[in-house]
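Let's take a friendly walk through this model together. Keep the viewer open as you read.

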Amino acid sequence: MSTTSPKHDAPDSPASVGWTQGQKAELFTAHSPFKLDCGESVGPVEVEYETYGTLSATKDNAILILHALSGDAHVAGWDRQAQHDGRTWRQRKPGWWDTVVGPGKAIDTNRYFVVCSNVLGSCYGTTGPASTNPKTDKPYALTFPIVTIGDWVRLQARLLDVLGIGKLHAVVGGSLGGQQALEWALAYPERVNKCVILAAAARLSAQGLGFNAVSRFSIMHDANFNGGNYYGSEGPDSGLAAARMLAHITYLCEDAMHSKFGRRLRNKTKPDFGLGVEFEVESYLNYQGSSFVRRFDANSYLLVTRAMDYYDAADWGDGDLTRACQRIQSEMMVVSFSSDWLYPPNECRELSHAIAGAGRPVTYVEVQSGYGHDAFLVETQQVSRLLHSFLSARTSDIKTEAPHAQG
């Protein structure tokens with residue numbers, strides 16, 4: 001197992017993007033709504049996003065970063081607004097990829113103009129279930145339409161249009177963000193130069209679908225769920241906490257959990273012979289669940305996990321993944337992590353082989369790591385080295401299949 005641990009820079013560090021603040025853009029209106037894959041429409045649609053660095057005069061240095069399931073637009077730096085609105089969970093730590101994005105880092109903001117937006121249906125500034133439905137003047141709750149990864153990518157494309165960015169130097173994402181990056185390469189092949197997919201595959205496995213189903217069941221059967229109409233009252237905190245606890249287990253791996261917790265009892269040498277919290281791992285999961293409840297909306301969790309379920313890149317090829325990948329025009333890099341069992345290496349290899357089979361340039365790397373699915377956030381030295389090399393490489397340097405990296 002690697003001993004890599006992220007080290008963040010203070011706001012005044014030359015290696016930090018410093019204090020940041022989210023921006024808002026209304027991309028669709030009530031009179032001109034956003035049409036979704038499900039057949040419904042939503043409007044107005046406001047998107048929260050952050051940018052770092054400077055867009056070049058030729059507008060050819062833009063990198064779009066796509067966040068994972070519970071992520072947001074705050075990729076790097078320190079959220080200035082968190083000082084004023086009580087969002088202490090953001091105030092305690094910088095952006096979720098601060099170790100990778102910034103001056104002189106792998107995604108160098110002295111060189112690139114970086115954009116990240118929050119996805120539709122989430123709860124971090126972009127229109128979602130907690131937003132006011134203009135038809136009722138009440139929160140949408142579960143009347144908010146079902147969204148897809150395809151919807152998210154089309155909305156991101158609209159944002160880039162507003163920002164005046166025609167073609168991206170790269171799209172980069174991990175986990176659910178990795179599937180958005182893949183969708184970009186398929187849906188807008190002419191707008192993507194390079195595409196980086198970390199800890200993600202062409203689709204979620206049946207086991208992954210099962211975990212998401214149990215998570216949604218936990219939320220929707222909480223006594224306080226009230227059909228999703230819980231705004232202004234006590235919400236389904238127990239159900240959402242249970243959903244997060246279950247999901248967090250899938251982000252780790254058995255070796256990591258054994259190394260971190262083993263079967264150690266919590267602050268004692270003998271069990272209580274009760275049903276309370278006895279083991280360290282129980283305490284850890286309880287903490288993850290309770291902290292998540294303070295920062296995420298249960299209805300958003302339902303929508304985002306369902307979008308994750310529906311995605312299958314092979315749909316672009318009528319069920320044939322290799323045929324779908326023939327749409328790709330960008331240079332591709334697929335990175336898997338050896339202990340990831342949410343999107344395991346064999347599924348990432350399947351994707352890279354389909355890209356190669358379609359005759360498109362692809363670099364595949366399997367990073368040896370004991371951090372499970374979360375490795376793309378934790379193995380910052382490995383990930384940074386791979387990103388820097390790939391983003392800087394000329395087209396002639398991109399190989400069809402790269403040797404495995406050793407962690």
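At 5% relative accessibility, Leu27 counts as buried, where buried means under 20% relative accessible area, exposed means over 50% and partly exposed lies in between (1.4 Å probe, protein chains only). This is a predicted model, in which local features need pLDDT of at least 70 and side-chain atom pairs count only at pLDDT 80 or more, while totals for chains, interfaces and linings use all residues. Residues are numbered from 1 along each chain as its sequence is written, and side-chain values use heavy atoms, with hydrogens and water left out.

You will find Leu27 in strand S2; strands (E, at least two residues) and helices (H or I, at least four) are DSSP runs numbered from the N terminus. Leaving out residues up to four places away in sequence, Leu27 touches Val45, Val47, Leu155, Arg158, Leu159 and Val162, contact being heavy atoms within 4.5 Å. Leu27 and Val171, 144 residues apart in sequence, are 21 Å apart in space, C-alpha to C-alpha.

Now step back to the sheet. Eight strands form an open sheet in the order S2-S5-S10-S6-S13-S14-S15-S16, with mixed pairing; two strands pair if DSSP finds at least two bridges between them. Its edge strands, each pairing on one side only, are S2 (23–28) and S16 (362–367). From one strand to the next, the twist averages 20 degrees.

Further into that order, S6 (residues 62–66) and S13 (residues 168–174) run parallel and are joined by four bridges, with Leu66 standing opposite Gly173 in S13. Helix H4 (residues 176–187) packs on the sheet, touching S6, S13, S14 (192–198) and S15 (331–337), and its direction makes about 145 degrees with that of S13. For such angles, axes are lines fitted to C-alpha atoms, for helices over the stretch in contact, and the angles run from 0 to 180 degrees between N-to-C directions. S13 also runs parallel to S14, through six bridges, and here Val172 stands opposite Val196. Six of the seven residues of S14 are buried, so this strand is largely enclosed by the rest of the structure.

Next, look at helix H3. Its 15 residues (149–163) should span 21 Å at 1.5 Å a residue, and the end C-alpha atoms are 21 Å apart, which agrees; the expected span is 1.5 Å times one less than the number of residues. At the N-terminal end, Thr148 caps H3, with a side-chain oxygen 3.3 Å from the backbone nitrogen of Gly150. After H3 comes Gly164, whose phi is positive, near 80 degrees. The buried residues of H3 include Trp152, Leu155 and Leu159.

What does Leu120 touch? Not counting residues up to four places away in sequence, its contacts include Phe34, Val45, Phe144, Trp152 and Leu155. Leu120 and Trp184 have the most contacts inside the largest nonpolar core, which has 80 residues. Such a core is a set of buried Ala, Val, Leu, Ile, Met, Phe, Trp, Tyr and Cys residues joined through side-chain atoms within 4.5 Å.

Finish at Ile328, in the loop between helix H10 (321–325) and S15. At 1% relative accessibility, Ile328 counts as buried. Setting aside neighbours within four places in sequence, Ile328 is in contact with Ala185, Leu186, Ile355 and Arg360.

Note on methods:
A polar contact is a pair of N or O atoms within 3.5 Å; within protein, one must be able to donate a hydrogen and the other to accept it, and residues adjacent in sequence count only if both atoms are side-chain atoms.
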